[in-house]
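Student: Could we look at this structure together, step by step? I would like to see how each answer is reached.

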Amino acid sequence: MTTSYALPPGPPPGTSFAPFPSPKFPARGWDVIQPPDALHDACEILFYHAAKFFAEDTAYKKQFALPTNTEYQASEEGWSEVPTEKQLLTLRTYESPYTPKEPESEIREAARDAWKEAGWWIHSVVRDVVEPALGLPEGVFDELILPCVEMPASESVASLLRMFRYERPPPGADEDRGVVSETHKDLGLMSLVIGHSPGLEVWNPDTDSWFSVEDRGQSPADRQDESVMGAMTATLVIGQTLQALTNGRFVACRHRVRLHPSILPPTTSSASASSSAADELASMFSPSHRYSLVFTLRAHLPTPLYPQLYSTPVTGQIKFPDRIKTAGDLYKHISGMSWNVNISVEERRKQEEQIKKRKTLDSGLDQGAGKSEVVAGKAEQ
């Protein structure tokens, strides 16, 4: 039996559509922003090369898949796929054997540029929004962030850049079939999600409901109107590490990706500057797919944590258990209570059962570990 279903409402009042998040950002955990021109252009070019890569034969793409006999999950780096849901390409370093190289692909050059633009932009958000809001001195988080704002050459950091091609459900499919990334919270400090067609849904705590944050149209006609739907969207979401470092003053965002068969991606690019890359990109989009880019800024793992540095009258006294000495310890704690949304459904359920068997860790760092909430594993969206 099939069901028909509609998009949840578009972004609520308070969404900024500006270069920096709105005042509701800390408590809500997400905001739609207007990316600076350099970031927009870098992502547009990366979209083009990502679409080209995903259109290649599977045999070619498998060259960039992690071997199955490693300790790492398939989505940790390189190319992987979850049948009926998505393909993804995760890049961690410029020189990695799992990063496609020239002359077959120009994706790593485009990825390096996009990583740099996204990394420095998020750094500016932390400096100009997060630190002042908490009454912290400028630059207090720099030691955690600066080693990760640009794509490393060969030695990886925890941060990553990930490209997705999601499989859109066929017309008439059950509603659950459209969920191609289950409800989760990201592990890191912040993630920037760039989309070219609707799919990302965020939880709005003000109304206890989901919002299709990339859907700027409010009517069915608008949702099919290329002038409304065609623009690149950028959504900034807070991760669990920032929630822990701010004593919950910046709340991690619950989100998911749910595709709707009734809504088609744009047929042409809406990039303001006419470029051959943008024109060719448009021709690669299909009603069967949704493409997105996700840059996830995570804290530099070797960095020592000093809770007193982050404690202010706004945050209150921040305390970590004795076992958490570094950003890596904090990351391990959070990821240990999470399962991976980018691996096979069977493996997800195994990870979920393993987590249920573990003891509840100290409440001071509990990130809201409900069944439907802490489900972003080491390879977050």
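Student: What should the 18 residues of helix H2 span, and what distance separates its end C-alpha atoms?
Tutor: This is a predicted model, where local features need pLDDT of at least 70, side-chain atom pairs count only at pLDDT 80 or more, and totals for chains, interfaces and linings use all residues. Residues are numbered from 1 along each chain as its sequence is written, and side-chain values use heavy atoms, leaving out hydrogens and water. Helices (DSSP runs of H or I, at least four residues) and strands (E, at least two) are numbered from the N terminus, and the expected span is 1.5 Å times one less than the number of residues. For H2, residues 37-54, that gives 26 Å, which agrees with the distance between its end C-alpha atoms, 26 Å.

Student: How many residues of H2 are buried?
Tutor: Buried means under 20% relative accessible area, with a 1.4 Å probe and protein chains only. H2 is mostly covered, and its buried count is 13 of 18.

Student: Why is strand S3 described as largely enclosed?
Tutor: Side chains in a regular strand alternate between the two faces of the sheet. In S3, Lys86, Leu88 and Thr90 on one side are buried, and so are Gln87, Leu89 and Leu91 on the other. S3 (residues 86-91) is largely enclosed by the rest of the structure because its buried residues number 6 of 6.

Student: Which residue of S4 is the bridge partner of Gln87?
Tutor: Two strands pair if DSSP finds at least two bridges between them. S3 and S4 (residues 160-167) are antiparallel, with 6 bridges. The partner of Gln87 in S4 is Arg165.

Definitions and conventions. Buried < 20%, exposed > 50% of the residue type's maximum accessible area, 1.4 Å probe, protein only.
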